[in-house]
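Let's walk through this chain, starting with the overall fold and then zooming in on a few residues. Have the viewer open as you read.

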Amino acid sequence: MLPHKYRLRVKADAGLTLTITVRVRRFKLNASGALVFEDPDVAEISAASVAVGATNTSATIDNSGNLYLGFHAEFRVTTPATAPTGNKQAILYLLRSVDGGTTFDTTDAHVLSVIPVTAASTTYSQTAEVPV
């Protein structure tokens, strides 16, 4: 289940700057118990230019009103014209808050997805789900 307050974080770990987008479609049960999806999906991180070894973190997402159970995410990474080096990956994390949004996970311990990025001028896409 999604926490009341959370953030998404992406990390470029490919030896170069990556362009990263994360779109999510949250879901919950309606009053009659049917599974319903948020429509349309939401870009929590939109075409962010993430430098070598750096991270980009979404705004705080407040789930206290909608009470979404989880989400499906599209994690999309585009490499520049230069070939990746080093670890050749991009990572998507979920950062949780247990105190109403004052503080969030300080480590990137909850990994949702890792995309291997191996070629120049390529867009990679992978799905991630919470709960997994």
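This is a predicted model: local features need pLDDT of at least 70, side-chain atom pairs count only at pLDDT 80 or more; totals for chains, interfaces and linings use all residues.

Residues are numbered from 1 along each chain as its sequence is written, and side-chain values use heavy atoms, with hydrogens and water left out.

**The whole chain**

You'll find 0 helices and 10 strands here; helices (H or I, at least four residues) and strands (E, at least two) are DSSP runs, numbered from the N terminus. The C-alpha trace spans about 50 × 30 × 20 Å along its principal axes. For 132 residues, a compact globule would have a radius of gyration near 14 Å, and the chain's 15 Å agrees with that. That radius is taken over C-alpha atoms, and the globule rule is 2.2 Å times the number of residues to the power 0.38.

Of the 132 residues, 36% count as buried, meaning under 20% relative accessible area, with exposed over 50% and partly exposed in between (1.4 Å probe, protein chains only). Take contacts (heavy atoms within 4.5 Å) between residues at least 6 apart in sequence: 73% of them join residues at least 24 apart.

**The core**

The largest nonpolar core has 29 residues, and Leu-8, Ile-20, Val-22, Phe-71 and Phe-75 touch the most other members. Such a core is a set of buried Ala, Val, Leu, Ile, Met, Phe, Trp, Tyr and Cys residues joined through side-chain atoms within 4.5 Å. Leaving aside neighbours within four places in sequence, Val-22 has contacts that include Leu-8, Val-10, Ile-45, Phe-75 and Leu-92.

| Residue | Relative accessibility | Class |
|---|---|---|
| Phe-27 | 12% | buried |
| Glu-38 | 16% | buried |
| Leu-35 | 47% | partly exposed |

Phe-27 sits in strand β2 (residues 18-29). Beyond four places in sequence, its contacts include Leu-35, Phe-37, Tyr-68, Phe-71 and Pro-131. Thr-79, by contrast, is 52 residues from Phe-27 in sequence and 31 Å away in space, C-alpha to C-alpha.

Which residues does Glu-38 touch, not counting those up to four places away in sequence? They are Val-24, Arg-25, Arg-26 and Tyr-68. Glu-38 itself is placed in the loop between β3 (35-37) and β4 (42-50), while Leu-35 lies in strand β3.
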